[in-house]
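The points below may be followed with the structure open.

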Amino acid sequence: MTHSAILGFGAYLPKYRIKISDIARHWEQDPASLLSGLGVEEKSVPGLDEDSFTLAFEAAQLALKTSGIPPSRVSAIFVGSESHPYAVKPTSGMLVSALKLDPFSHAADLEFACKSGTAGMQIVDSFIRSGQINFGFAIGTDTAQSKPGDALEYTAAAGAAAFLLGPDSHKNALCRIDKTLSYTTDTPDFWRAVNEPYPRHAGRFTGEPGYFHHTRETISAVVKEWKIKLPEINHVVFHMPNAKFPMRIAKECGIIKEQMRAGFIVPSIGNTYSACSLIGLVSVLEQAKKDELILVVSYGSGSGCDAFLMTMLKNGKPLPIDEREREYLKYDEYLEHSGMLSS
Amino acid sequence: MEKNIYLVGSGLTPFGEWWGESLRDLMEEAIAAALKSSHLNATEIDMVIVANMLAEVTNNQSGLGALASSLLPHHPPALRVESACGSGALALHTACAFLESKRAKTVLVLGVEKMTDASVDAVSQALMGAADSELDAPSGLTFPGIFGLITRRYMHEFGLTREQLSVVSAVHHRNAHENPFAQFRQKLTPEDVTASPLVSDPLRLFDCSPISDGAAACILSTIHKSPLRIAASQMTSDTLSITERPTIVSFKATREAMSRALKESDIDRSDIKVVETHDCFSIASVINMEDLGFAKQGEGIRIYEDIYAGRTPLFLNNSGGLKACGHPVAATGIKQLIEVGKYLKDTSTQWGLAHNFGGAAASCGIHIMENTNA
Amino acid sequence: MNNGAPIIHRSLKRERDRFLPGTVVSFTTLTHPPVRFGHRPRTIGLIELNNGQRVLAPILSENKPFIGQQVRPRMRLSHATADGLRVYEVAYEALAGKAVQLQKFPGYILALTGPSGVGKSTISRTLARVFSEYAENVPILTTRDPKKSDDGEYVYTTPKEFELLRRAGVIVSSTNIPSSTEKRQYGYRSTDIEAIWNKGKLPIVVTEIRLLKGLAHHYGRQSILSFGLLPPGKSKRAKLSALLHRLRTRGRETEAHIRDRMKNAEHDLAFFLERKDLFDHMVVNEDLSSVIASVKEKVPKFSGI
């Protein structure tokens with residue numbers, strides 16, 4: 001067969017949130033200007049007993065359920081994160097065991113800042129198209145770290161998204177991956193050295209030379225090589241480090257708000273790093289209709305972009321609603337949850 | 001019982017926090033007291049059986065049989081037995097087997113625990129060895145937690161109130177007031193118990209037996225006689241984990257041991273006038289009354305309410321029980337027998353019972369004693 | 001506390017098998033949990049999972065939990081050891097809603113699956129007799145005609161009726177066995193299984209692969225205590241010849257029937273290897289009493305007998 005498709009999908013967010021205005025007030029900054037500058041109102045915070053593994057597990061369980069595929073038939077899993085629980089001891093291995101996947105699975109952990117999850121999706125797509133596996137998982141998960149007082153603190157959030165891919169001929173195939181391409185450079189916009197707990201970034205340099213340049217180049221390539229017309233894309237999902245960046249690049253390319261609407265999840269969640277564009281994709285898959293086209297362009301600092309063109313094979317179905325009540329944290333509770341106070 | 005086995009000597013150390021005493025010191029003290037009360041020569045001891053649960057963890061010591069034996073001039077054969085908090089009764093049961101088989105004619109049975117040599121957290125974790133290390137401990141449960149679960153379920157099934165439960169420790173403390181060997185001799189009202197800090201909701205501090213140091217020893221013999229005869233010695237078992245039981249508000253091991261012990265001694269429950277029962281937590285005592293058959297299920301608290309009100313259907317935990325007398329784990333079962341024997345002699349009563357168990361009654365030992373002079 | 005790597009490794013399988021919803025049997029809050037769990041009080045529950053297994057695990061709840069509360073599983077980080085190994089556990093999150101009564105009997109099914117001729121009916125009849133107080137065979141609904149050799153294990157019905165029951169959702173697992181001689185339907189009714197549960201007994205099904213898959217799909221794999229029955233013999237060929245011998249000596253079928261059954265049996269034996277995940281235990285049918293002893297040992301309800 002020539003294409004892979006998404007058969008099942010799931011996302012998991014912790015139930016805790018903190019309002020951007022509360023963070024601002026702690027640092028005696030003006031909440032209003034931050035809100036208007038970032039466009040993010042609140043962000044998700046992991047529970048004290050949650051980490052990138054537990055978030056990924058929950059998302060993957062949901063994806064298994066929606067796909068109807070028995071876990072023992074899944075034989076590949078690639079997990080992207082900037083916050084894998086271990087530097088050495090793979091999250092993907094832990095998930096093979098916890099999810100009861102086929103022990104004879106291809107598995108590895110990935111890092112490419114916020115595009116490590118989509119890189120995983122490209123790998124699994126390849127394994128399926130080459131006929132090496134029937135079903136595989138691509139997961140993006142993060143409990144993003146940010147230094148207290150740093151600008152990133154307002155947006156760095158926690159969440160996971162999981163996609164179960166299989167052949168597009170499968171009866172449960174929901175969304176076919178038609179094409180994918182990537183663009184990669186060496187750009188020092190955002191980095192974290194091995195012995196450092198928090199990432200550093202280069203301020204305004206992260207904008208034009210980072211996010212905008214790479215996303216723009218990728219979109220150009222997509223339009224040229226795939227011969228698509230952007231207005232024909234029903235749903236566009238960009239990486240969302242905040243609410244402003246994706247809207248700016250969209251406007252520049254002539255993509256309108258209605259095309260962005262379904263996947264635009266950042267204002268109420270924040271930037272879940274490796275899960276960010278993937279959670280946006282989950283939101284689209286819940287709402288999109290048969291035959292609609294989806295364009296995903298994720299961005300990872302360092303830097304690079306992954307782009308996907310997808311076609312819905314069936315109408316999307318919403319995931320079960322999370323019935324837990326959201327719990328809003330005060331700044332001191334948020335610090336403990338982010339692991340700042342652990343010994 | 002194949003032979004007549006007599007309690008010919010007994011002795012114990014006071015129970016408490018003995019920072020200046022080692023495991024060996026406690027053993028020596030109890031052995032000396034037992035020998036003195038027996039009027040026997042140390043060399044007449046054929047065998048030593050030591051009961052202990054935690055020495056490996058709290059005192060870096062195994063080989064307790066050899067250690068105890070070395071305290072006697074002639075180094076008799078010795079062994080150590082363990083069944084968590086029921087180790088004392090197990091040691092007595094083992095002694096009976098050796099005596100019945102004639103491998104020994106006079107056995108020194110010694111229970112000892114030196115718990116304060118390790119941190120509270122370490123001891124708490126070590127005590128969880130009496131539950132299932134794979135099914136129970138990983139969740140973070142401790143023994144107060146296990147009995148907290150049991151208490152809440154019991155309250156749900158039978159309507160027991162917090163105020164009612166508080167009477168149990170009040171009774172135990174009142175008893176211990178008269179016991180010079182008890183760790184805690186201050187009186188407590190039920191209100192004091194109810195007001196004490198929460199340990200494992202709904203159990204409070206004064207519902208829980210303490211961490212204690214102490215030793216208790218007794219000498220059992222088939223060739224030396226005394227008015228106190230062991231009429232029954234029964235051991236039973238159940239699952240380690242409460243997750244593998246159909247109910248958590250009644251202990252099968254106790255029910256079975258009681259039924260067998262009554263059969264072995266050929267008496268009726270109503271003949272028993274004095275009881276030492278295993279009150280590791282106040283709720284345990286309530287459940288014990290029901291499992292031993294002195295009360296219907298759901299009504300165990302009435303015995304305590306009666307006692308607190310001045311009526312005495314039963315002479316119960318005169319030592320103060322585990323709560324007030326203290327609970328140096330493996331010494332308790334032996335102390336219970338000594339206490340029953342003392343009461344039978346002092347009051348010319350004929351029949352008494354000691355009920356000891358390990359963990360959440362994963363193992364249970366019941367001894368029935370007769371005062372042949374009564 | 002010794003929390004070495006081998007102990008943590010073994011705990012993984014145990015935690016995986018607990019990822020099921022359940023009901024709160026009891027709970028307590030430890031004011032000072034063991035040091036490795038942090039400084040806050042920890043609420044731990046005794047939970048009965050919907051496959052009848054009981055577990056001790058933390059309860060995640062906004063408000064105070066209550067007995068009979070429904071809970072759902074969540075994967076959580078329990079703690080990190082002094083060596084930096086992360087220990088994960090399944091915790092249970094309280095769901096909104098009213099208290100439910102615990103089932104008097106854990107709602108699971110004992111299934112014995114094996115190729116034709118391995119001796120399933122003899123085993124199931126014996127099990128039902130030996131453990132009659134605790135277990136009962138689930139009758140098999142079938143559209144085929146009664147045979148002289150049938151012994152009360154079937155309930156007979158018409159193909160039309162069978163289809164109606166299937167549409168109504170009463171049949172929870174079904175298969176048809178096309179063969180060169182006849183086409184027949186077989187299935188289990190939920191009403192029969194539930195009736196046995198309501199009596200406080202364990203339903204026993206003696207079955208083949210497709211019916212087993214159907215039951216696992218309907219009730220959840222965890223609700224089946226699944227035994228694979230294999231014929232004696234070291235190699236596949238030896239096993240097949242043992243089966244053939246038994247089928248012939250049984251004298252119940254024609255040679256044509258036997259050929260069909262042997263074809264199925266070969267396929268079934270291959271299946272045992274492929275779908276190990278559908279079986280909890282494999283038992284070789286050397287002789288009846290050792291099979292009964294094996295089953296008795298591994299069924300929690302029977303072990304007290």
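1. A word on the record is needed before its annotation is used: UniProt positions are given in the numbering used here, feature names are shortened, and annotations may be inferred rather than shown by experiment. With that in mind, the UniProt record, an unreviewed entry, places the feature "domain: Beta-ketoacyl-[acyl-carrier-protein] synthase III C-terminal" at residues 227-310 of chain A. Please also keep in mind throughout that this is a predicted model.

2. What does the stretch that the record names look like in the model?

3. Chain A as a whole has 11 helices and 14 strands, and its C-alpha trace spans about 60 × 45 × 40 Å along the principal axes. A compact globule of 343 residues would have a radius of gyration near 20 Å, and because chain A has 19 Å, the value agrees with that expectation. Of the 343 residues in chain A, 52% count as buried.

4. The domain assignment divides chain A into domain 1, which is made of 4-173 + 326-337, and domain 2, which covers 177-312. The C-alpha centres of domain 1 and domain 2 of chain A lie 16 Å apart, and the contact takes 41 residues from domain 1 of chain A and 37 residues from domain 2 of chain A.

5. Which elements give two or more residues to the side of domain 1 of chain A that touches domain 2 of chain A? They are strand S1 (4-12), strand S3 (42-45), helix H5 (116-129), strand S6 (135-143) and strand S7 (158-167) of chain A. H5(A) gives the most to this side, with six residues. By class, the side of domain 1 of chain A that touches domain 2 of chain A has 18 nonpolar, 15 polar and eight charged residues.

6. Chain B has 13 helices and 12 strands, and its C-alpha atoms fill a box of roughly 55 × 45 × 40 Å, taken along the principal axes. For 374 residues a compact globule would have a radius of gyration near 21 Å, and because chain B has 19 Å, the value agrees. Buried residues make up 62% of the 374 residues in chain B, while residues 24 or more positions apart account for 78% of the contacts in chain B with a separation of 6 or more.

7. Turning to how the chains meet, two pairs of chains touch, and the most contacts are between chains B and C. Chain A and chain B do not touch, and their nearest C-alpha atoms are 13 Å apart.

8. The contact between chain C and chain A takes 11 residues from chain C and 14 residues from chain A. On the side of chain C that touches chain A, helix H1 (5-16), strand S4 (70-80) and strand S5 (86-94) of chain C each supply at least two residues, and S4(C) gives the most, with four residues. The residues of this side of chain C divide into five nonpolar, no polar and six charged.

Notes
Residues numbered from 1 in each chain as written. Chains lettered and ligands numbered in written order. Predicted model: local features only at pLDDT ≥ 70, side-chain atom pairs only at ≥ 80, totals over all residues. Contact = placed C-beta atoms within 7 Å. Nonpolar A, V, L, I, M, F, W, Y, C, P; charged D, E, K, R; others polar. Rg over C-alpha atoms; globule rule 2.2 N^0.38 Å. Buried ≥ 20, exposed ≤ 12 C-beta atoms within 10 Å, placed from the backbone. Domains from an automatic or database assignment.
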